[in-house]
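Reader: I have a structure open and would like to learn how to read it. Could you walk me through some features, one by one?

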Amino acid sequence: MKYALKELTYIFFLIFCIACSKDEEDHAQEIDSPDISTGSIKICEAKGNGKLYEVGPGKEYENIIDVPTENLGPGDAVRIYAKDKPYYERIIISTRGTETEPICVCGVPDENRKLPVLDGTNSRVRPIDLRSYFNSTIAYLGMVIISATSDNHPEYINISNLQIQGAHQYKEDDSQKTYEMGSEKLKPFSRAASGIYMRGAHIEVNNCIITHNGNGIFGAYNSPKDPLIDVRLNNNIIKGNGTFNVSQQHNIYIEADGLVSIGNQFGPVREGSHGANYKSRSAGDVIMYNRFVGPAARQINLAETENAVDYFPQLDSFKTTYFAGNIIEGSNPGAGTILHYGNDVDSASPDGKGNRKGTLYCYNNTFVLKGNNKVSYRKMFFDLTFCEGSLEAFNNILYYENDSSDPNIQVSVLRNSGSVDLFSNNLISDATVSAYSTRFTGEDQKRCSSGSLSFETVAQMIVPDQDFSVDPANAYQLQTGSKAIDSGMEIPAYVKKLEYQFKSPNGVEPRKIKGKSIDIGAYEF
């Protein structure tokens with residue numbers, strides 16, 4: 001898909017920096033890593049004929065809802081200044097910017113770098129009735145809502161430097177409420193309410209903290225007239241979202257034609273939630289240089305398309321997924337699946353055309369499974385749920401922290417399905433077998449007729465725990481003596497280059513090869 005594979009990705013390099021606008025650059029269309037913008041960072045400014053709206057104590061607008069957001073146009077910028085208390089207000093954006101003059105809404109941190117907070121508790125929205133041109137159901141599904149009527153979707157919207165919280169019905173008791181549009185009547189949020197709800201095209205979310213919502217970010221592609229195209233998540237912290245004892249709400253739940261996520265920290269989910277850390281039904285997933293922290297039912301769930309079953313399978317990008325340079329930390333409770341690629345149900349349609357019948361390119365990640373089979377189940381690094389989906393996995397650390405006194409507890413590389421086209425230069429814990437459905441180490445996994453991953457292949461990459469030499473207190477970075485140092489294979493030319501690595505707590509920094517070859521895992525020693 002042309003947006004997700006376009007080689008311009010805007011990444012903001014500083015932690016909690018002030019950003020919203022930047023210069024455009026043209027880049028050659030080639031297989032490469034997404035380009036990272038590391039230039040000067042500026043507060044969002046109005047562009048062209050756009051207007052600047054400043055919100056906060058002593059500013060032109062005291063409240064966010066005083067700004068006529070229903071009239072925002074190309075080049076308009078809304079600055080929201082941090083203050084002692086949250087803004088108990090929500091934002092609805094239903095208009096369009098342009099590529100060179102986007103609509104920007106950005107926070108301005110205080111002198112202590114505290115971001116302005118938008119909180120959903122008894123929150124207000126613009127004191128007018130927007131139903132004449134906006135879906136009145138969607139109007140209550142988030143703190144920041146980017147959407148409009150069908151065939152009139154928003155475009156080129158940037159959201160930056162905000163802490164967004166409180167759009168949820170965590171205990172499903174109707175206790176969390178917001179004001180109705182144009183009235184003084186409170187109504188409960190739904191459990192599926194989101195920190196950011198989006199439909200439209202060319203939407204960026206940068207340097208935000210998104211927490212304590214139903215879904216952290218939710219968006220779906222419904223049709224060409226009601227699409228979600230080219231979504232970019234850069235340098236955010238998205239954690240603590242979900243609904244108590246429910247598995248349908250997640251930190252991220254997006255179905256887009258083009259989803260690029262770089263430099264973010266995802267997780268954990270909200271305590272008591274059974275949701276996933278990152279769920280995508282998108283075409284053109286590019287997930288690079290992020291940190292995923294448990295617990296979560298699944299850390300990463302790359303599922304079949306659902307709403308876009310008539311559109312995405314026709315795209316080459318739906319058959320190509322990049323997952324590289326990430327740190328993924330499992331957890332003791334709940335399911336132990338790190339990375340799922342495939343279908344949640346039997347198929348998205350009777351003929352299965354919504355399934356991901358493509359390749360997952362997975363390289364230079366650090367996977368960490370934790371716990372034991374008494375406190376969690378199905379502990380595996382990969383779960384490919386049908387034979388048409390294939391895996392190319394190389395230069396990955398597959399590390400298992402066994403907290404049991406039983407040294408024979410085993411975890412698996414895969415579950416029981418999927419094909420493996422390339423499996424090389426991975427570093428694997430010695431408690432690992434090839435597949436979850438096969439508990440005998442000398443037996444090939446019982447999966448697809450071709451492309452099976454044998455235990456003999458896995459065994460060649462198994463090393464004792466002491467040979468990993470990773471630092472759990474420092475995001476599992478390599479230490480002196482690690483067998484991962486200088487042990488990676490060269491990155492093939494047909495995948496995206498690996499030029500950066502995650503920088504805690506959110507962001508990226510350059511990754512430079514210091515020895516004879518690249519190190520295995522998400523970090524260079």
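Author: Gladly! Let's start with a residue inside: Glu329 has a relative accessible area of 6%, so Glu329 is buried. Buried means under 20% relative accessible area, exposed over 50%, and partly exposed in between, with a 1.4 Å probe and protein chains only. This is a predicted model, where local features need pLDDT of at least 70 and side-chain atom pairs count only at pLDDT 80 or more, while totals for chains, interfaces and linings use all residues. Residues are numbered from 1 along each chain as its sequence is written, and side-chain values use heavy atoms, with hydrogens and water left out.

Reader: Which residue forms a salt bridge with Glu329?

Author: A salt bridge is a side-chain nitrogen of Lys or Arg within 4 Å of a carboxyl oxygen of Asp or Glu. Here the partner is Arg291, and the closest N and O atoms are 2.7 Å apart. Because Arg291 lies in strand E22 (residues 291-293) and Glu329 in strand E25 (residues 327-329), the pair ties together parts that are 38 residues apart in sequence. Strands (E, at least two residues) and helices (H or I, at least four) are DSSP runs, numbered from the N terminus. Arg291 counts as buried too, at 15% relative accessibility.

Reader: How many salt bridges does a search of the whole structure find?

Author: The search finds 17. One of them joins Arg124 and Glu184, at 3.0 Å from N to O. Arg124 is partly exposed, with a relative accessible area of 29%, and Glu184 counts as exposed at 60%. Salt bridges can also link up: Lys279, Arg281, Arg298, Glu304, Glu306, Asp344 and Asp383 form a network.

Reader: How do I read a sheet, and what is the order of the strands in the open sheet here?

Author: Strands of a sheet pair through backbone hydrogen bonds, either parallel or antiparallel. Two strands count as paired if DSSP finds at least two bridges between them. In this model, eleven strands make an open sheet with parallel pairing, in the order E5-E8-E13-E16-E19-E22-E25-E28-E31-E34-E36. Strand E5 (117-119) and strand E36 (462-463) stand at the edges with a single partner strand each, so one side of each has no neighbour in the sheet. For a pair to look at, take strand E34 (residues 427-429) and E36, which are joined by two bridges. In one of these, Ser429 has Val463 in E36 as its bridge partner.

Reader: Which cysteines form a disulfide?

Author: A disulfide is a covalent bond between the sulfur atoms of two cysteines. The rule used here asks for a pair of cysteine sulfur atoms within 2.5 Å, and the count comes to one. Cys44 and Cys106 form that disulfide, with their sulfur atoms 2.0 Å apart. The torsion about the S-S bond is about -70°, so the disulfide is left-handed. Cys44 counts as buried at 0% relative accessibility, and Cys106 also counts as buried at 0%.

Reader: Is Arg356 buried or exposed?

Author: Arg356 counts as buried, at 0% relative accessibility. You will find Arg356 in the loop between strand E26 (334-341) and strand E27 (359-363). For its surroundings, look for polar contacts: pairs of N or O atoms within 3.5 Å, where, within protein, one must be able to donate a hydrogen and the other to accept it, and residues adjacent in sequence count only if both atoms are side-chain atoms. The side chain of Arg356 reaches the backbone oxygen of Ser280 at 3.2 Å, and a polar atom of that side chain lies 2.8 Å from the backbone oxygen of Ala303.
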